[in-house]
Each structure stands twice: as structure tokens, then as C-alpha cells.
Amino acid sequence: MNFIPTKLEGCYVIEPKIISDERGYFMESFNEITFQKGVNQPVHFVQDNQSYSSKGVIRGLHYQTGEHAQAKLVRVLQGEVLDVAVDIRPNSPTFGHYEAVVLSGENQKQFFVPRGFAHGFLVLSDTATFFYKCDNFYNKESEGGIIYNDETININWEFPMENLIISEKDKVQPNLENAKKAW
């Protein structure tokens, strides 16, 4: 696996080693020892989640706060998404900055989003199956969110805004300035 650091400290794009032949391909999608060495921190995943969405669906920007904060290792099993992490660590030099990565079933890339980041994605293909590991269990009371079109963050979703499909919950999230603090 190749671990590529991003401009946001602690976030990595991970490219697996894919072995292909006439039968198809094989790859190791996760190895705890390799992963911890690659991201240079101890992360132990305890929960897997999966979603299926249609083109234009935005899910996010979501995070967990305090002792329930979550690191996530995300990937796409089928389809293509624009995956986004936003730094919400209050004392970080990149607070409010974001990193966007195209993940697909074809490129098999993964994205590691550590604790202290809001996370979301937009489905670019007709449908997408999104899979992620979390290092902490979900806790409803610790849920936080930021509106997908926050002007301060200014995410380029690379998609016509009039074609977005957004849940009622995500349409009313606060902006970054008024969002629940991560810590």
C-alpha cells in the first residue's frame, strides 16, 4: 500500500497494491499493522458502515464530538464519489480547509480521515456503494454537522448545485462558525 499525505495533517490517500490477471484482481484492502505504520498512529477500527446512493446525493458534512469522535477509513466498492474531509480542529493551522479526493470502485483508492474532521461525499456516478471503517462507535448525542455549501469552507463539489439531492437534516446544518465544536 502506498500512503500519500494530503495538505491536511493526518489525512492520507491510500493506494492499494492490485494484482491483476485474466481472472480479475486481488488486493489487500486493510491490514492493521501496515495501516498503523502508514498513518503513523495507533488506530483500531470497531465498526463498519455501508451506504448506497444515487447520482447527485450529498451525505455530510458529519462528525462525532468529544470522547465519541471518530476516525474513518473510507472507500467506494461500486461507482464513484467526490469524498471530502474538512479540518475542524480548533488550533490547527488548516482549520476550515478541506481536501477532496475522487474515490471509485475502479481506482480502489481509500481515504483516511482522522478524528477532528468533518466528512462528506457526493455521488458522481449513477449509483455508488460507499464503505467505511470507524474507530469509535456512533453516539447520537455527539453528532455534529456543517452545511455542505458553507461559504467559509467553499467546497468545489464539481457538480451542478441544482441537481444535488440532500436530506432534510443536511439542508439545515449550521455553518462552520456556528457548528458544534469537535472537542
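This is a predicted model: local features need pLDDT of at least 70, side-chain atom pairs count only at pLDDT 80 or more; totals for chains, interfaces and linings use all residues.
A polar contact of 3.1 Å joins the side chains of Gln-47 and Asn-49. Gln-47 belongs to strand β5. What does Gln-47 touch, leaving out residues up to four places away in sequence? The answer is Tyr-132, Lys-133, Cys-134, Asn-136, Phe-137 and Tyr-138. Take Cys-134 from that list. Gln-47 and Cys-134 are 87 residues apart in sequence. In space, their C-alpha atoms are 5.2 Å apart.

β5 runs antiparallel to β12, which spans residues 127-134. Eight bridges join the two strands. Within this pairing, Asp-48 has Lys-133 of β12 as its bridge partner.

Now widen the view. β5 and β12 belong to an open sheet of six strands. The order is β1-β2-β10-β7-β12-β5, and the pairing is antiparallel. Which strands form the edges? They are β1 and β5 (47-54), and each pairs on one side only. The sheet twists, on average by 25° from one strand to the next.

Helix α1 packs on this sheet. It touches β1, β2, β7 and β10. The direction of α1 makes about 25° with that of β1.

Look next at β10. Three bridges join β10 to β2, and these strands run antiparallel. Here Ile-14 has Gln-110 of β10 as its bridge partner. Four bridges join β10 to β7, again antiparallel. In that pairing, Leu-73 stands opposite Phe-112 of β10. The side chains of β10 point two ways. Gln-110 and Phe-112 point one way, while Phe-111 and Val-113 point the other way. Are these four buried or exposed? All are buried.

**The helix on the sheet**

Helix α1 covers residues 32-39. Its buried residues are Phe-35, Gly-38 and Val-39. Why do they lie on the same side of α1? They cover an arc of only 85° around the axis, so they share that side.

What covers the buried residues of α1? The cover includes β1 (2-5), β2 (12-15), β7 (72-78) and β10 (110-113).

Asn-31 caps the N-terminal end of α1. A side-chain oxygen of Asn-31 lies 3.0 Å from the backbone nitrogen of Ile-33. Just after α1, Asn-40 takes a positive phi of about 55°.

Turn to β6. Six of its eight residues are buried, so the strand is mostly covered.

| Partner of β6 | Bridges | Sense |
|---|---|---|
| β14 (165-166) | two bridges | parallel |
| β11 | three bridges | antiparallel |
| β13 (143-145) | three bridges | antiparallel |

Ile-58 takes part in two of these stories. In β14, Ile-166 stands opposite Ile-58. In β11, Leu-122 stands opposite Ile-58. Tyr-63 stands opposite Gly-144 in β13.

**Nonpolar cores**

In soluble globular proteins, nonpolar side chains tend to be buried together. The largest nonpolar core here has 22 residues. Which of them touch the most other members? They are Leu-61, Val-86, Ile-146 and Trp-157. The elements that give two or more residues to this core are β6 (57-64), β8 (80-87) and β11 (117-123).

Leaving out residues up to four places away in sequence, Trp-157 touches Ile-58, Leu-61, Leu-82, Val-84, Phe-121, Leu-122 and Tyr-148.

Notes. Residues are numbered from 1 along each chain as its sequence is written. Side-chain values use heavy atoms; hydrogens and water are left out. Buried means under 20% relative accessible area, exposed over 50%, partly exposed in between (1.4 Å probe, protein chains only). The arc is that of the directions from the helix axis to the C-beta atoms. Contact means heavy atoms within 4.5 Å. A polar contact is a pair of N or O atoms within 3.5 Å; within protein, one must be able to donate a hydrogen and the other to accept it, and residues adjacent in sequence count only if both atoms are side-chain atoms. Two strands pair if DSSP finds at least two bridges between them. Axes are lines fitted to C-alpha atoms, for helices over the stretch in contact, and angles run from 0 to 180 degrees between N-to-C directions. A nonpolar core is a set of buried Ala, Val, Leu, Ile, Met, Phe, Trp, Tyr and Cys residues joined through side-chain atoms within 4.5 Å.
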